Amino acid sequence: MCGIIGLVGHDDAVPAVLDGLGNLEYRGYDSAGVAMRNGHGLEVAKRAGEISDLAADLTDALPEGELCIGHTRWSTHGAPTDANAHPHTDCTGKIAVVHNGIVENHAELRRGLETRGHEFDSDTDTEVIPHLVEEHLEETGDVGAAFRRTLAELEGSYAIAMVVADGSSIHVARQGSPLVIGLGDGRSFVASDVPAFLEHTDRVIYLEDGDVAEISAGGYRIATADGEPADRPVRTVDWAPEDARKEGYDHYMLKEINEQPDAIRRTLHGRLSTDPVEVDLDLDDRLDGVERVHLVACGTSYHASLYGAHLLSRYGTDAGAWLASEYPGRMPTIEEGTLVVGVTQSGETADTLSALRHAADSGARTMAVTNVLGSTAARECDEALFIRAGPEIGVAASKTFSSQVVTLTLLAGHFAARTGGIGPELAELLTALPALPGQVETVLAGTPAEGIARRYHDQRAHFFIGRGTAHPVALEGALKFKEISYEHAEGFPAGELKHGPLALVTEETPVVAIFTGRDDEKTLGNVREVRARGAPVIAVASERTSVGAEADEILSVPETHPDLQGLLANVQLQLLAYHVSDLLDRAIDKPRHLAKSVTVE
Ligand code: F6R
């Protein structure tokens, strides 16, 4: 969590850094700050609140500077106050640091520093860093050496950017938290994530754990943890600057919901042909010998994994999904032929990385299914499969769920093709995929979600039910609903309702029932059970399902293969959650207490 950006070589670095921070706000948004170097030394401006609050403070007197670092925070140590906002400085005010991660031995380091006379202004773990640099600078007289000596004392995870009052470069280091360098024309950037500087350049270098670098207007120098020069590849990202802007939508989330047709097209592009049915994920024979697949993931990615595991199993690959945070504790014995797949939009989620590392240590082969090229998961796993959804800025995941499920469907095709061959049933499913983007467009163009949201936004709770692939969609519908509306919502397997949750159902608890065309009669039976208790029913179904008079409202979706029906239903549920939250005036792109990239376990 937390977003970092640094820029050197721009005449007007501060506004560019504030803009870049805006694109990183999804990583945290309880306080923000900048440190800029101008002709008069170092100036720091920081405060609790959102980046727009900081920008408003600075508008009248936007300090000029050619070198600037900035930070948007998601608190882990210390409340979100002005004092705890980054950057943090040393006793002289000449060294400023922004940090993402956790310094685990900060208490011990702080005690030592205080004994030696250092005074602290904040409750953060980060503040030990500038004070340590201050001490080491006195010993060595060299900023780079002082930075290295400081890093050697830190335990935990970090991405750090540091500026000093009389320097012309930014010192950065990465250990366990992402950091990427951007190479512009006569200017250089560093950030937690590419959208921060995508307006300015698409040429990037992903730093590796242990890397220490110095970035100046004309270039960069990278060294490994041992101080050896390191040569890291320069890559070009294929995201366009407009991907990181709202482009006329009220919220990033709404834009990203509407981007799903294109996201799915990109996911499929060049990977599927239908006559004859073939899948090419560019994996050649590298996954041959895989006999079972464990999908590990969190939140929305976990729901996509449940969906994917269902499809993999149905079409011949032994597969199951685990919550990443639970996986190390209850991981089955890793037998020969086990592939552990981390499904993670960001590729940086600590719980997922930890599950993958645990699996690798136990002898499993690993693969990342991720949206972010160069992410930690992509780099650490034996294989990486990109979902190609494009940048997702809204904290609530939307288009990446669709792209993840489509990617896992293709993976089912890959495994089948490499073993017994793609049979007629799987061929039917794969053949239905190319029509999916157009069907999502139909949902987006004709959805009645806003009207339904108006009628039901002020209810006591919302329940979501479905069976088969509609079960993870019910879980995802409820997660989306609660995280952006702050209202109570729960998802259940439809058949499980009568084993307990039915006690919660009243006329004030609408039940959203998802139909796929498989086992619809049973789900209709469950709908009758809730109607008998007075609950309004919102059915998500295609014309294939005769919901008839059993539902009060219908969120209709085009008819597709039953295994893809859930993806169309999910778009309706995203829209329902969005409109309810909009009516309730919630902070849709930045729901309270949440951050997009959760880099703590
Ligand atoms: C919910 C949401 C989260 C993420 C979860 C995993 O809308 O976005 O539940 O899905 O934090 O994140 P990734 O996929 O980046 O590992």
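In which crossing, left-handed or right-handed, does H7 pass H12? The crossing is right-handed, that is, the near helix is turned clockwise from the far one by less than a right angle.

## Basis

This is a predicted model, where local features need pLDDT of at least 70 and side-chain atom pairs pLDDT 80 or more, while totals for chains, interfaces and linings use all residues. Residues are numbered from 1 along each chain, and side-chain values use heavy atoms, without hydrogens or water. Helices (H or I, at least four residues) and strands (E, at least two) are DSSP runs, numbered from the N terminus.

## H7 against H12

H7 (residues 260–268) and H12 (residues 399–418) pack at about 25°, with axes 9 Å apart. H7 is therefore roughly parallel to H12 (angles under 35 degrees count as such). Contact (heavy atoms within 4.5 Å) involves Ala 263 and Ile 264 of H7, among others, and residues of H12 including Val 406 and Leu 410.

## H3

Helix H3 spans residues 106–115. Its His 106, Leu 109, Arg 110, Gly 112 and Leu 113 are buried (under 20% relative accessible area, 1.4 Å probe, protein chains only). The face turned away carries Glu 108, Arg 111 and Thr 115, which are exposed (over 50%). Cover for the buried residues includes strand E6, helix H4 and helix H5. Just after H3, Gly 117 takes a positive phi of about 100°.

## Ile 181

Ile 181 sits in strand E9 (residues 180–183). Its relative accessibility is 0%, so Ile 181 counts as buried. Beyond neighbours within four places in sequence, its contacts include Phe 189, Phe 197, Arg 203 and Ile 222.

Definitions and conventions. Axes fitted to C-alpha atoms, helices over the stretch in contact; angles between N-to-C directions. Parallel < 35°, antiparallel > 145°, perpendicular 65-115°, else oblique.
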